[in-house]
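Have the sequence and the model side by side as you read.

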Amino acid sequence: MSKKVKVGIIGCGAIAEGKYLSALAYIPEVEMVAFCDIIPERAERMRKLFKAPEAKTYTDYNELLKDESIEVIHVCTPNCSHSPISVASLKAGKHVLCEKPMASTYKEAKLMYDTSVETGKLLSVGYQYRCMPAPLYLKELCEKDDLGEIYYAKAHALRRRGVPTWGVFLKEEEQGGGPLIDIGTHALDMTLWMMNNYKPKSVMGTVYKKLRDKPDCGNIFGPWNTEEFTVEDSAFGFITMENGATVVLESSWALNIADEREAQCTLCGTKAGADMQDGLRIVSDKNGKFIDTYPNFDEGAVLFVPGGKIIQPQEKEARNFYDAVLYGKELRVKAEQALVVTQILEAIYESGKTGKPVVFD
């Protein structure tokens, strides 16, 4: 019989329910024993949804962390609390899977990473787009050097009108930023992962608050409260890496653009290139002709196989994390990688304020 891992969730809002409820139900080794939220009704709701009648509920995560039997903590709170909760959990002897982004600031993220190293406990960040079929396939091509040296890339996180109007998304104090730190973080993480390049040299950024005073403009989540909207509505970065490679990051919740592209990347290498605009496309040449290849990721046929099941990205993410906890397998998302993502995002915000590039030592 597989070993059971006692697990606690801190933060029982939309991300815990929408992502981790299904993901952790997929892991047979998981035993949910604790739920924590500052709103007690939400913790109780999650306990019922997880069908864990013996689990305890808390409003103070420090009380939850006193339970020495708990081995894993999932941090699903607003960005501003990722670092203090993760650090406290690691110091309490727990492994941590923290929802993205790693933290609001590089200093906070660095403390998380350092604490993980000091305690010897695993720390990973919830970049589930790495677990989707197309990115996984493209990563294999990159590792096999099919694209050659990737010297130019774009990280796409563009919504025309997709401003989240619930929770604390619009509050800079609690989130640390808007679309850049919310969805831009996914696109940048995916792009750096494909390139296997985590050594930035300099960053130039621009940050805009141009459309937030137009709440009734066709937003898919409905009009927003302009008084609460204290974060940017779009932000862009130009990143130069130590090896000379260039990465352009574009992010928006609201932008007058026809073609939305979210959680995508474009890669340009010396042997071939790739983009994700209309499904994954590999672009190359052969015998003096352009070759565009579209891999087929249609997994529908497995549904007709008895017992067949399409494994969702959040489930793959959770499986990888618990394989690392239980069996010592390699984490797909390493804390030191997520740390660089936060470092670059912070530099874009800083450059946007000063109008000057941020140069790393």
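The lining of the largest cavity in this predicted model is made by Leu97, Ser124, Val125, Tyr127, Cys131, Glu317, Asn320, Phe321, Arg332 and Val333. Here a cavity is a set of points on a 1 Å grid, laid over the protein atoms alone, where a 1.4 Å probe fits but cannot get out, and lining residues have an atom within 4 Å of a point. Two elements, β6 (123–126) and α9 (313–327), each bring at least two residues to this lining, and α9 gives the most, with three. Sorted by class, the lining holds six nonpolar, two polar and two charged residues; Ala, Val, Leu, Ile, Met, Phe, Trp, Tyr, Cys and Pro count as nonpolar, Asp, Glu, Lys and Arg as charged, and the others, Gly among them, as polar. Helices (H or I, at least four residues) and strands (E, at least two) are DSSP runs, numbered from the N terminus.

Two notes on the ground rules: residues are numbered from 1 along each chain as its sequence is written, and side-chain values use heavy atoms, with hydrogens and water left out. As the model is predicted, local features need pLDDT of at least 70 and side-chain atom pairs count only at pLDDT 80 or more, while totals for chains, interfaces and linings use all residues.

In total, the structure has two cavities of 30 Å³ or more.

A pocket is an open set of grid points with protein on both sides within 12 Å along at least five of seven lines. The table puts the spaces together; each volume is the space filled by probe spheres set on the points, which are joined across faces, edges and corners.

| Space | Volume | Lining by class |
|---|---|---|
| Largest cavity | about 60 Å³ | six nonpolar, two polar, two charged |
| Second largest cavity | about 40 Å³ | five nonpolar, two polar, one charged |
| Largest pocket | about 1000 Å³ | 18 nonpolar, eleven polar, nine charged |
| Second largest pocket | about 360 Å³ | seven nonpolar, five polar, seven charged |

Of the 38 residues lining the largest pocket, Ala14, Ile15, Cys76, Thr77 and Phe169 are the closest to its centre. Helix α8 supplies the largest share of this lining, four residues. The second largest pocket has 19 lining residues, with Lys139, Glu143, Trp193, Met194 and Asn196 nearest its centre, and α6 gives the most to it, five residues.

A salt bridge is a side-chain nitrogen of Lys or Arg within 4 Å of a carboxyl oxygen of Asp or Glu. Together with Glu99, they are linked in a network of salt bridges.

The structure holds 17 salt bridges. Another one joins Arg47 and Glu44 (2.4 Å, N to O), both in helix α2 (residues 40–49). Arg47 is buried because its relative accessible area is 17%, whereas Glu44, at 25%, counts as partly exposed.

Technical notes
Buried < 20%, exposed > 50% of the residue type's maximum accessible area, 1.4 Å probe, protein only.
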